[in-house]
Amino acid sequence: MKEGRLKGDTSLTDLRRLRHQMPRWVLVLLACGVAAFVAFHITHLLIMLIAATVVAYIFSSVITAFERFGIKRSVAVIMLFVLTAVFVIGADLIFIPDLKQEIMHAYGKFPEFSRQIQDALLLTAQRSAEKYPVIESSIIKLVDNVFGPSGFLERTLNASEILMQATPFIMALILVPFFVFFLLKDWPGVMKKAIDWVPPSYVETTISVIAEINILVGKYLRGLAADCVVIGILASIGLWLIGINYPIMLGIVSGVANIVPYLGPIIGCSVSSLVALMQYRSFDPVLNVVVLYLAIKLLDDLVIQPLMIGKSVHLHPMLLVITLIVGEKLFGIMGMILGVPFVTVAQKTAGILLEHRRETQKRECTQRLILHRLGRSPVRPI
Amino acid sequence: MLLDNKIVRKYFTWALDTTRESHLRTLSDVPLFKSVSKKLLRKLLIDLIEKKYTAGDIIFHEGESGKAVYVVLEGSVKIIKKTNSENKALAVLGPGSHFGELSLIGQCSRFATAIAEKDSLLLIMYKSYFEDLIRGNSAISSRILLNLAEILSNYIQRDQSE
């Protein structure tokens, strides 16, 4: 009994000691874990927060440029929002009428396009029926799933379905700028509070980790954004030059898809090839589209990416595929788009933290060795 | 620069960052940043981090690998060096002073220990930010490196005379 009470007392003391010994960052990590768990169950909120963080990171350099002129950060953020509004209204006046026309035209032509694809597929099924009955049944199943009543297209293009899917999109259009505003405005204040909270002995390591992540992530995200814009513009101009319909819309699709490595250019090329095939009903323009996208990819790999992103950030192809699959499973298309930058940043952060840990251990080991040689420490160095 | 314009100063004070401006004045008095133009100092100031230390806080220990340079904004910092078994105070630094500048050169470990003597407010410049800044700006890098060389030569001269 006495022994049991003693044991209980010991474990209670151990717990108290652990609470006192536990660095604050462990508590912060635990809090982050709980927050991540909650956010995981509110997928839309998490996606919006990640998107807002990425956008805030991209625009933080603009805010820094304003600050260099001696302007207060809050005023700089308001100026950025006003400038963005002016830019959006300007773009709305210049590009949106054409883009709107392209989308309406594509939407109007869609039943015809889908019928043509359906006919082509059924013809292929008929031709291969005798030799390959498996292919015939697969194609018929595919046509039924995609084009049939209550198939993929019917569900996707249904007005009420579009409205339902548009609701989170409209919410994101309102909430993401809202989050971006406060992230940009208050981030240095939050960082200052966080640094004040860090014990003096951890300050240098904390600052060094923050600084290295900041430099790297900023460079990566801004580079990626610029890369996507350049790819989008190149694709638009190229498609317009070879006479493919909807160049602005296809340029935007190619630019956005470019965020996803390897898969992005294939998606862009496939969509544009499909449009070219429907427009000309011949494979020659499709070949032009493929050549155009190959040229863009080559230019991107050899010139644009090394210039804008650099070679410091790269995901292993296997990790990339896993990221894409997990991202798609957890958060759909947005998971695929945001998953790669997110994992890249996480990978680099882990690398920096491990390097710091190794450096600290090495330093402690050297100090112990010196003390041991001087005869001031009874402990042999590890 | 906007802040140097009299009209802007008069009518747009609400839009200007006066705290940063006062930090800028302190920074321009720091020997490490001597003769660096205000324009470049403003650029440098963006990446500096402010941190409060209470009296007795150890800012860094002797022998640790240095990763940052410190500028004293408020309060005072004592620099201590361990010789044999006793601690020798090398200097007490007040507002406008800097320390830890050796960390900007290579993988130098801290030469002495820095302790906040009073409650102090310090500006911390991390090495990577400095390297990032000088990589893109030859004017600021050559100026700061010259200042650093001057500071180091003063240390050597003082050491020899002692």
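Select B:Ala68 first: its bridge partner in strand E8 of chain B is B:Tyr126. Strands here are DSSP runs of E, at least two residues long, and helices are runs of H or I of at least four, numbered from the N terminus. The model is predicted: local features need pLDDT of at least 70 and side-chain atom pairs pLDDT 80 or more, while totals for chains, interfaces and linings use all residues. Residues are numbered from 1 along each chain as its sequence is written, with chains lettered from A and ligands numbered from 1 in the order written.

Next, display E3 (residues 68–74) and E8 (residues 120–126) of chain B, antiparallel strands joined by six bridges. They belong to an open, antiparallel sheet of four strands, ordered E1-E8-E3-E6; two strands pair if DSSP finds at least two bridges between them. At the edges lie E1 (49–53) and E6 (98–99) of chain B, each pairing on one side only.

Now select B:Met125. Leaving aside residues up to four places away in sequence, B:Met125 touches B:Asp47, B:Leu48, B:Ala68, B:Val69 and B:Phe130; contact requires C-beta atoms, placed from the backbone, within 7 Å.

Finally, move to chain A and show helices H3 (residues 43–67) and H4 (residues 73–94), whose axes come within 9 Å and cross at roughly 125°. Axes are lines fitted to C-alpha atoms, for helices over the stretch in contact, and angles run from 0 to 180 degrees between N-to-C directions.

Definitions and conventions: Contact = placed C-beta atoms within 7 Å.
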